[in-house]
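Let's take a friendly walk through a protein together. Have the sequence and the 3D view ready, and follow along as we look at its pockets and its cores.

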Amino acid sequence: MRIVFIGPPGAGKGTQAERLTEHLKIPHLSTGDMLRQAKDHGTDIGKLAGQYMDAGKLVPDGVIIQVVGERLRQPDCQQGCLFDGFPRTISQAESLDEFLRSDGTPLDAVLELYVPENVLVERLIARGRGDDNLEAIRQRFKDYEAITTPLLDYYKERALLYRIDGTGTMDEVFERIKTTVNSL
Ligand code: AMP
């Protein structure tokens, strides 16, 4: 199964993605993790990507597509995978479609973990994290929406989008995810 997982900062996406990959026995492809690893190893791609990451910018599409393309050729991706943090642009989404189409293994679903902004704000404030002041939280949410809205439209047009209610406990949310994935 090939799934794209999308969710706002603070929605518990990392935890749910881990649980889902364990449940489906597929690798978890987080482009953020892959880039941080390349950076730590000091590879050419890592050095290049690091300049953008340190500046808080998106890494250019060509670099990301190369990294993901190489990862998809690894044998553990033959049975599927879960994409986390990718695609972040329409161009990345189109490249992913091309990769998967040429392999005859199209995407099965795009899961959008949906949590309203006010609930996220309450959760983050309840955690009492010093860097999570209201303004920063709202800005992160705005950035997230600006990036994801076109992607969500892209996948909605292709009838691949499933919105998951991300409110409630971690277990409740995971049950909803499982129900959706099992129905595919
Ligand atoms: P993340 O852990 O997903 O927040 O990613 C950390 C950083 O890696 C981001 O701020 C970007 O600089 C870069 N990055 C990760 N995934 C992508 C992507 N799909 N496209 C462009 N940049 C990315």
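Start with the largest pocket: 37 residues line it, and Pro9, Lys13, Leu58, Gly85 and Arg88 are the ones nearest its centre. This is a predicted model, in which local features need pLDDT of at least 70 and side-chain atom pairs count only at pLDDT 80 or more, while totals for chains, interfaces and linings use all residues. Residues are numbered from 1 along each chain as its sequence is written, and side-chain values use heavy atoms, with hydrogens and water left out.

A pocket here is an open set of points on a 1 Å grid over the protein atoms alone, where a 1.4 Å probe fits, with protein on both sides within 12 Å along at least five of seven lines; lining residues have an atom within 4 Å of a point. Volume is the space filled by probe spheres set on the points, which are joined across faces, edges and corners.

In its class column, Ala, Val, Leu, Ile, Met, Phe, Trp, Tyr, Cys and Pro count as nonpolar, Asp, Glu, Lys and Arg as charged, and the others, Gly among them, as polar.

| Pocket | Volume | Lining by class |
|---|---|---|
| Largest pocket | About 1,100 Å³ | 16 nonpolar, 11 polar, 10 charged residues |
| Second largest pocket | About 270 Å³ | 4 nonpolar, 4 polar, 2 charged residues |

The residues lining the second largest pocket include Met34, His41, Val67 and Gln74. Helix α2 supplies the largest share of that lining, 4 residues.

Now for the cores. A nonpolar core is a set of buried Ala, Val, Leu, Ile, Met, Phe, Trp, Tyr and Cys residues joined through side-chain atoms within 4.5 Å. Buried means under 20% relative accessible area, exposed over 50%, and partly exposed in between (1.4 Å probe, protein chains only). The largest core has 27 residues, and Val4, Leu72, Phe83, Leu96, Leu107 and Tyr155 touch the most other members. Apart from it lies another core of 18 residues, including Phe141 and Ile177.

Finally, find Ser95 in helix α5. Ser95 counts as buried because its relative accessibility is 17%.

Terms used:
Helices (H or I, at least four residues) and strands (E, at least two) are DSSP runs, numbered from the N terminus.
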